[in-house]
There are 2 protein chains.
Amino acid sequence: MATIYEVAKLAGVSLATISRVINQTAPVRESTKIKVEAAMKELGYRPNSVAQSLATNRSNSVGILVSELGGPFYSELISRIEAEFRNAGKHVIIAAGHSHEEVERERIEFLMSRNCDALILHVESVSDEYLQELAEQNKAFVIINRSVAALSDRCITLDNQLGGYLATEFLLRKGHKRIAYISGPMWKNDASERYKGHLQALKEYHIEEDISLFYEGDFQETGGVHGFAHLSAKHSKHSELGFTALVCGNDEMAAGAMAVAHDRGLDIPHDLSIVGFDNVNFSHYTYPKLTTIDYPIAEIGQMAARWVLKHVYKQDIERIQSVFKPRLMLRDSC
Amino acid sequence: MATIYEVAKLAGVSLATISRVINQTAPVRESTKIKVEAAMKELGYRPNSVAQSLATNRSNSVGILVSELGGPFYSELISRIEAEFRNAGKHVIIAAGHSHEEVERERIEFLMSRNCDALILHVESVSDEYLQELAEQNKAFVIINRSVAALSDRCITLDNQLGGYLATEFLLRKGHKRIAYISGPMWKNDASERYKGHLQALKEYHIEEDISLFYEGDFQETGGVHGFAHLSAKHSKHSELGFTALVCGNDEMAAGAMAVAHDRGLDIPHDLSIVGFDNVNFSHYTYPKLTTIDYPIAEIGQMAARWVLKHVYKQDIERIQSVFKPRLMLRDSC
DNA sequence: GCCTATTATGAAAGCGCTTTCATTTATAGC
DNA sequence: GCTATAAATGAAAGCGCTTTCATAATAGGC
């Protein structure tokens, strides 16, 4: 790769001038500009962004940390964030924290050492205190899908409890009385919030929590499979299910449960109604199509990107919405 | 962030020594090492990897360029590549080329200007010549899912034609005679190869190509929806389908077609057999579960990562497999 | 055509690190 | 205890760029 020195020599000007035409940071006479551009072209010159970054302490790139790179949920999130930044001429560096505290920390440090201008964090294991410290170090970052009270101005979240409420309330309104629940790992904030919403709805309808209708899964398909097996084993008298509806903490688990229900010869929604959560891309590939709670993940990603654009790159962004509302996507599984 | 200078001052040694304990590039007396480590810890020092990268011309990061960040296919690919590199202490920088030539070029240049030690490219629009030039510039990169004859030692591909063959041959063996085909965009290499395999199987069974049974879709769900509508409109006499089986260029389109077929009251597999391609994560969430061709995308990603580990980071990797074989995943849709 | 007010350009330091080469310090041999 | 050798350390240049400050070129006014 040609360096700025070679360009300068070829064009017969100094480094500073080259830099000025690259960055338009000061006026350059038209004639010299043309010379420089010709030289750059001839050498196929491209500024070394590492050197630029070192000199300016800016990298024009933002770090994104998610739990996993795979899966429909994160990939949609990442995809949207990238699109938003690409529009603005910024780039993304992506890392996965795997819901593991050490890894999350390590990744954050990596992204910081990479001189990212800002971070977008979807972290689950690192403590609130750690994040607060980070904020005190004056690092620019937004948090997605988690609310830290002291950092509320930089948290972009979904009202998970409302989502859980909507799912269950809908079923109750439909007349269901015995509603099973397969949750994600309860230590994860979103999982427990969703369940809270479920309980809230039950309470409103004067139905008591029945923990035999509860199963804590893993947010994966297998969680749904095992959960359904577990719940139905417990509750089937005369091969009949002990519940008429099932709420799942996310769509993967709903799909897993649905598959097992099919295998058992159950007719959905006739014998059993199922509601998922997330409205992930494949949720309308299931049969019957899954009724679920829409998680506007793309919009949240977009908003996080805008937060960065506004606060770090000083772009003129109107309003940053920090709490998003989920809504029920009524399809065929109820 | 503390710099190496501050650490040096605090520890009472020179920069060089600090550098040596960080990189273990030369022996350091145990006692000074301890001093240095204490100083680093006290200051919360982390080497600035941008500066490191500038000084060493190495970044310990590899660039990945895929067509899209979203979707099950790419996210699995990325996820596996990242996992492989994380194990090796390397990091990934991800970009999306959106199947658009200009964007692909621009992204490649970006990744190069970022000083990536190597690139893993999944590009569709950039020309073979461009890639060859890149190779001549002595840039380390592997190409995924595309074979460029002159660069065959750095291409890792799936035998797409074999996949197409397997799908159709299976149906023919089952006795199907009229097999419709919904393809991806034919300008994309993998789409046309798959179709080639389809034709090859037909030929083997002495069945002539019937272009009224062919539809060129977009590799998206909608392609399947429109494709099915198109094919069935053309062929239904007395509300009966003109074909008994349908091969789709990928699973998304298969899922789309399947949904429409359901809506039309068709019983799958009784009235119609469907085969997809890719064996993407949701393909067993469909109902009935989709028979498809397994695309070992994770393995391909892994192999690409190993190529880099071997050729760029000089790790001791045995064999690099460059062509992968697909296989039929027999499930319930046939 | 000369002086001043602008505007364009260049020289050089600095960003935080690595690495070579020279120097200092420790170790061993006698 | 003194030299010969090996081991540990430091000084300084360099990676490719930006940016400040000083200087050179130009334009304008008379």
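A:Glu82 pairs with B:Arg107 in a salt bridge whose closest N and O atoms are 3.5 Å apart; the term covers a side-chain nitrogen of Lys or Arg within 4 Å of a carboxyl oxygen of Asp or Glu. The rule finds four salt bridges across the interface of chain A and chain B. This is a predicted model, in which local features need pLDDT of at least 70 and side-chain atom pairs count only at pLDDT 80 or more, while totals for chains, interfaces and linings use all residues. Residues are numbered from 1 along each chain as its sequence is written, chains are lettered from A in the order in which they are written, and side-chain values use heavy atoms, with hydrogens and water left out.

**The interface**

- Chain A and chain B each bring 46 residues to the contact (heavy atoms within 4.5 Å).
- Between them the two chains bury about 4,200 Å², with 57% of it on carbon and sulfur atoms; buried area is the accessible area (1.4 Å probe) lost when two parts are put together, summed over both.
- Sixteen residue pairs, that is 16 with both at pLDDT 80 or more, are in polar contact across this interface (a pair of N or O atoms within 3.5 Å, one able to donate a hydrogen and the other to accept it, with residues adjacent in sequence counting only if both atoms are side-chain atoms).
- On the side of chain A that touches chain B, two or more residues come from each of α4, α5 (72–87), β2 (91–96), α6 (101–113) and α11 (251–263) of chain A; helices (H or I, at least four residues) and strands (E, at least two) are DSSP runs numbered from the N terminus.
- That side of chain A divides into 19 nonpolar, 17 polar and ten charged residues, where Ala, Val, Leu, Ile, Met, Phe, Trp, Tyr, Cys and Pro count as nonpolar, Asp, Glu, Lys and Arg as charged, and the others, Gly among them, as polar.

**The largest cavity**

- The largest cavity holds about 90 Å³ of space; a cavity is a set of points on a 1 Å grid over the protein atoms alone where a 1.4 Å probe fits but cannot get out, and lining residues have an atom within 4 Å of a point.
- Both chains line this cavity, with A:Ser49, A:Arg114, B:Ser49 and B:Arg114 among the residues.
- α4 (49–56) of chain A and α4 (49–56) of chain B each supply at least two lining residues.

**Backbone**

- The peptide bond from B:Ile268 to B:Pro269 is cis, with omega near 10°.
- A:Asn138 has a positive phi of about 75° although not a glycine.

Terms used
On a 1 Å grid over the protein atoms alone, a cavity is a set of points where a 1.4 Å probe fits but cannot get out, and a pocket is an open set with protein on both sides within 12 Å along at least five of seven lines; lining residues have an atom within 4 Å of a point. Grid points are joined across faces, edges and corners, and a volume is the space filled by probe spheres set on the points.
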